[in-house]
Amino acid sequence: MSNYKLVTVDQTFIAETIARTGSEQLIEKASRNYVGIYNGEESWYIPLDEIYDKKDGNSYFEIKFETDNPYFKRLGLDFEKSLYIPKDKVIEINNILPKQQDKIIEKNQYKIQEKFENYVRKVMSLDVNDNNYKLSTVKLFPEGIKKLRELERELAKERVSVLFAPYNFAYASERLRDDEEIVLDVIEDEILFSLASDRLKSDREFIKKAIIENSYVLKHVHENFKDDEEIVKLAVSKRGVALEYAGEYLKDDENIIKIAISNNGRALKYASERLRDSKEIVGLAISKHGNALEYASERIRDNKDIVELAVSNSGRALQFASERLRDSDEIVNLAIFNDKKALQYASDRVKEVVNKIEVKNLENTKLNDIKLENKHTISMKRKLNKKLGRGI
């Protein structure tokens, strides 16, 4: 169901407004259909009308959609002829607009409000003799202009509150949740993106901007965007582990996985089973982060070349090697050369061999220390006896 109202205007209101203002701009306006995009006992209503090429682009919101009907080719909301009308002076009619047109208006309701408010602000800043001022009906409704200014002040306060404390976005109005600038400001915590308007969460170009700010936004986008190659590439190039939130199809895409693990080797964790069994893919991952070996297939973790590369980058990656390679003297020596604490992950046999070598080396070190100490003692004695004029 649409959030906006489709209405026609009571002719008595038109007649009363002409009598009140002396303006004939409202003649024949009663026959038009109007869209109400604000709530309240009194509200602004904007006519649906054909948009002419010469019309100022700021004075309308064009509604483009595919159609063979010539009457719908250039239809839009004409801000210039908007009316501020009491609720009891409009007659709500069934919304039988073409579905595409209805969807565009509903989806862009807050965007239309913003553009309309900018138009009103611009018109009211013009000289009274300016033709654009003369043609506009908004000047006939000062009480409506006052309401817009009050709304503008309320929105300004709300913006300040959210920018000062982003978590206030959780309590923000629907209008603010549809504000691109505000949403981009608060998504340092990506969960706040989930509170953005449906329009923004379904806007592909906006999602790309959001992912540039925080790639974890990918977690909260609609499912179809998680299978969007360009969007996922953008996310994983910024933060490889954002691959976790990609669609299953793209987790099996070699190009996507290479981009992700080039950024962070541990992104291998989220690759498909097929690619975690790829020597090329795993090799690239462990060249960035040795411990990414943890996410390789069992077969790859038993590959000597891969494990050598992993423990060369991170000795403790030995813990993720196969049982056979944790029993390899060569592999273990390479691991403990990188990190002595890697020995704890070696097989019991290799630990015993290494410990015996260390004990023997320790004994040899002590013996050498004793010999050095004896040499030092003898040398001191000789120097002392020399001073005393006697032999050792």
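**Helix faces, overall make-up and an aromatic cluster**

In helix α11, which spans residues 229-238, the buried residues are Ile231, Val232, Ala235 and Val236. Viewed down the axis of α11, these buried residues fall within an arc of 120°, so they line one face of the helix. The cover over them includes α9 (204-213), α10 (223-226) and α12 (254-263). At the start of α11, the backbone nitrogen of Glu230 has a side-chain oxygen of Asp228 within 3.1 Å.

The mean pLDDT of the protein is 86, and 87% of its residues reach 70 or more. Residues 369-374 have pLDDT below 50, and beyond near neighbours in sequence this stretch makes 0 contacts in the model. Where pLDDT is low, the predicted coordinates should not be read in detail.

The secondary structure consists of 16 helices and 7 strands. Of the 392 residues in the protein, 43% are buried. Among contacts with a separation of 6 or more, 52% are between residues 24 or more positions apart.

The aromatic side chains come next. How many aromatic pairs does the structure hold? There are 9 aromatic pairs. In one of them, the ring centres of Tyr38 and Phe116 are 6.5 Å apart and the planes stand at 55°, so the pair is tilted. Tyr38 lies in the loop between β2 (34-36) and β3 (42-50), while Phe116 lies in helix α3 (residues 109-124), so the pair ties together parts that are 78 residues apart in sequence. Tyr38 counts as buried because its relative accessibility is 13%, under the 20% cut-off. Phe116 is also buried, with a relative accessible area of 0%. Both rings belong to one aromatic cluster, formed by Phe13, Tyr38, Trp44, Phe79, Tyr84, Phe116, Tyr119 and Phe141.

Val138 sits in the loop between α4 (131-135) and α5 (142-164), and is buried at 0% relative accessible area. Leaving aside neighbours within four places in sequence, the contacts of Val138 are Trp44, Phe79, Glu80, Ser82, Phe116, Tyr119, Val120, Val123 and Ile145. Tyr119 is 19 residues from Val138 along the chain, and their C-alpha atoms are separated by 9.7 Å.

A polar atom of the Ser43 side chain lies 3.1 Å from the backbone oxygen of Tyr38. Ser43 is in strand β3 and is buried, with a relative accessible area of 3%. With neighbours within four places in sequence set aside, Ser43 is in contact with Tyr38, Leu83, Tyr84 and Ile85. Of these, Tyr38 and Tyr84 are also members of the aromatic cluster.

Notes. Residues numbered from 1 in each chain as written. Predicted model: local features only at pLDDT ≥ 70, side-chain atom pairs only at ≥ 80, totals over all residues. Heavy atoms only, no water. pLDDT = per-residue confidence, 0-100. Contact = heavy atoms within 4.5 Å. Buried < 20%, exposed > 50% of the residue type's maximum accessible area, 1.4 Å probe, protein only. Helix = DSSP H or I, 4+ residues; strand = E, 2+ residues; numbered from the N terminus. Arc of directions from axis to C-beta. Polar contact = N/O pair within 3.5 Å; in protein donor to acceptor, adjacent residues only side chain to side chain. Phe/Tyr/Trp six-rings, centres within 6.5 Å; stacked < 30°, edge-to-face > 60°.
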